[in-house]
There are 2 protein chains.
Amino acid sequence: MFEHQPIGERVGTENPELTTRQRAVLELIVHEYVQTGRAVGSKTLTERYPVGVSSATIRNEMAELESAGYISHLHTSGGRVPTDQGYRYYVRHLMRTPELPAGEQIMIRHQFRQAEVQVEGWMELAATTLAEIAGNVSVVTAPRTATARLRHFELISLQSRLALLILVTLESTVRQVMVHLPESVDQDQLSRLADTVVPSVRGLTAAEIAGRTFGNDELVLLVIDHVQATLRSLDAAEQTAVRHSGLENILGTPDLGEGDLHHVLGLLRGGGFLSAVLPALAPRSDVQVFIGDENLPGELRRFGLVLSTYGVEDVVTGILGVLGPTRMSYWRTVSTVRYMARLMSDLMAELYPTVD
Amino acid sequence: MFEHQPIGERVGTENPELTTRQRAVLELIVHEYVQTGRAVGSKTLTERYPVGVSSATIRNEMAELESAGYISHLHTSGGRVPTDQGYRYYVRHLMRTPELPAGEQIMIRHQFRQAEVQVEGWMELAATTLAEIAGNVSVVTAPRTATARLRHFELISLQSRLALLILVTLESTVRQVMVHLPESVDQDQLSRLADTVVPSVRGLTAAEIAGRTFGNDELVLLVIDHVQATLRSLDAAEQTAVRHSGLENILGTPDLGEGDLHHVLGLLRGGGFLSAVLPALAPRSDVQVFIGDENLPGELRRFGLVLSTYGVEDVVTGILGVLGPTRMSYWRTVSTVRYMARLMSDLMAELYPTVD
DNA sequence: ATTAGCACTCGGTCGTTGAGAGTGCTAATA
DNA sequence: TATTAGCACTCTCAACGACCGAGTGCTAAT
């Protein structure tokens, strides 16, 4: 078996400590364990796979793998289970990540074409699709630029002394805020005010707006204040909103405890998720896999995280990925995340070919 | 005891079948069970509460209550547990719902005052506060009118052939949609177009807009099309978006099974929640309690639901409430939901005193 | 270097048992 | 007549022990 399988072909892939066979065994253990969820023993392996050797040999190899820290013995008698280190080795050296099946690709693209042309809708769709295909929890952040720059704002009269400020950034994020007015102002006046002020703040960041002066008109100053505050809150929001989907997928997972779910929910809700994960995320654009507490806070000890950035480099970037129990199908997940990141990047590129 | 307690004072409250003492016993059982989670026996009751009678008497009363269907015997020997019917009787006839403690009221109002003046923000805040105080899952829908009427729209140029349509309804809901343009159009042209068209569609519903004609200008027709479609989607969205919070609160609940959580998550995600619950909800404005499968689909069999509408009658109304296991503190939950509904109604009233 | 064989370990399952809590019934009591 | 004390009975739950099976490590043979 070891000669014909893809495993064998990868022998030369620079790896000091492990023999070809050990790697093959490790791969089989990971596959089997991910699939069945039960610790895998030497005998099961020889029975279930056409390994050309006896269980005793496998046992020896297992002993080696164990002392090297790749698998571990939960109980004296009860098969082996991959350690976090084992998973990492698998992901880095053993795993193949094929393209998503053509059928699935078409189905997904179709869904996106059906949807309205809106960033919000795309994010939602990406989250649900990702969760469904990967069978775990998906996380998606909105695409953002470094600091929000104003493209346009409008004022709309709601009541005589209440107006709605609608603000659009260069990257087309839209925010609306209510503004209480000190005096009665009608729609015409508001429109004129917007027409006058917009040209002078177009393309600026909150900080840049703060550095300018805008005369003495109380109303103008009030509006400018709100514009500034809203832009600032957009910058701050960068580390909050992370959309997620598919919580139900990991509800019943036996290897995830009550407390683990609790932690994750807390992170996702409080917006602490991004700040927890970001430090570990390199700014490169390929899929990155984090297993166990590798660079992650302790709350995610029992999870694996497959992330990718997406978007147009240096223009708009967001993060998307999948969160699941350490025991998950990494190759499938990586394939899915990679495809989805590409798709979202394509959509973004289409939407923002140039930012004028 | 029965003489001095509030229970006794409510004797006259028209109820045919149950004696005063039976009602008292039922109330104690509900309280004790809600608090401890363990089936409650006659002896425990006499030990834990200053009931002036012996356990044997309680036993007799319990037997009566059981044959009347208010409590039930899980196992031959193991205390009694309120049935859904028992909970309903408790909620309708026995329960007191005091005002929320002044301190809590102040704290909550303060949080709302701190927040920006935005419907979105209020909803979010209501959801989290409700979940936190009630210790269960909260649900909040956006305030909506019957059919969306246009207040205003704006067009903002994103790229030469891509514009952002921002639409505001009379009730100040804001939606943005991307519009692909057939030809290159600059911001000035877009603004002029909006200025021309807005007055002729102001205050109209999607259907009313469909009934008018707007000349032959391709661009105008395209925009009108999008406006109409967006208004329509707002009407349709009425039964989708329901915000929730506090899922983590019911994660560990022993009386909720894996599958129950699954169902609820499904309902909340797919937007089926409202359509499942709405038919049962009377349009009156006081708090309504649903227990078990009373008027609710089977998925919610093991849940209790405390709901209230909020808003300004016939102008804007939304729904908010709390979902929890059947075994929850109804009086506390009702108090909380009622307060929150009033608060949100106040905020809405402040925001839409008149809709011109 | 590989493998067959064997003794040993240990977790999971299945009855059994005993304690505890609760019930229903009956007879005594106020 | 309503209440209560007493009692026999039931049933859950946790602890215990035996057993089975899967798995290991080691040794000796190939």
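Start where the two protein chains meet. Contact here means that the C-beta atoms of two residues, placed from the backbone, lie within 7 Å.

Before going on, a word on the model. It is predicted: local features need pLDDT of at least 70, side-chain atom pairs count only at pLDDT 80 or more, and totals for chains, interfaces and linings use all residues. Residues are numbered from 1 along each chain as its sequence is written, while chains are lettered from A and ligands numbered from 1 in the order in which they are written.

**Stop 1: the contact between A and B**

Select the interface. Chain B puts in 26 residues and chain A puts in 26 residues. On the chain B side, color strand 4 (150-159), strand 5 (162-169), strand 6 (174-180) and helix 11 (258-270); each supplies at least two residues. Helices (H or I, at least four residues) and strands (E, at least two) are DSSP runs, numbered from the N terminus. The chain B side that touches chain A holds 13 nonpolar, 8 polar and 5 charged residues. Ala, Val, Leu, Ile, Met, Phe, Trp, Tyr, Cys and Pro count as nonpolar; Asp, Glu, Lys and Arg count as charged; the others, Gly among them, count as polar.

**Stop 2: chain A as a whole**

How much of chain A counts as buried? The share is 41% of its 356 residues. Buried means 20 or more other C-beta atoms within 10 Å of a residue's own, exposed means 12 or fewer, and partly exposed lies in between; C-beta atoms are placed from the backbone.

**Stop 3: the cores**

Select A:Leu26, A:Ala126, A:Leu130, A:Leu320, A:Met340 and A:Met344. In the largest nonpolar core, of 71 residues, these touch the most other members. A core is a set of buried Ala, Val, Leu, Ile, Met, Phe, Trp, Tyr and Cys residues joined through C-beta atoms within 7 Å. Zoom in on A:Ala126. Beyond its neighbours within four places in sequence, A:Ala126 is in contact with A:Val140, A:Leu320, A:Met340 and A:Met344. Another core, of 70 residues, lies apart from it and includes B:Ile133, B:Phe290, B:Ile291 and B:Val322.

Go to B:Val322, in strand 10 (residues 316-325) of chain B. Is B:Val322 buried or exposed? B:Val322 is buried, because 30 other C-beta atoms lie within 10 Å. Among the residues it touches are B:Leu130, B:Val306 and B:Val337.

**Stop 4: DNA strand C**

Select the 21 residues that surround DNA strand C; the closest are A:Thr57, A:His75, A:Thr76, A:Ser77 and B:Gly41. A residue is near a strand if its C-beta atom, placed from the backbone, lies within 6 Å of it. Helix 4 of chain B gives the largest share of this surface, 4 residues. The surface near DNA strand C divides into 5 nonpolar, 13 polar and 3 charged residues.

**Stop 5: DNA strand D**

Switch to DNA strand D. It too is surrounded by 21 residues, the closest being A:Gly41, A:Ser42, B:Thr57, B:Thr76 and B:Ser77. Here helix 4 of chain A gives the most, with 4 residues. Select A:Ala56, which is found in helix 4 of chain A. A:Ala56 counts as exposed, because it has 11 C-beta neighbours inside 10 Å.

**Last stop: a loop in chain B**

Select B:Glu299, in the loop between strand 8 (288-291) and strand 9 (303-312) of chain B. With 18 C-beta neighbours inside 10 Å, B:Glu299 counts as partly exposed. Leaving aside neighbours within four places in sequence, B:Glu299 is in contact with B:His263 and B:Leu267.
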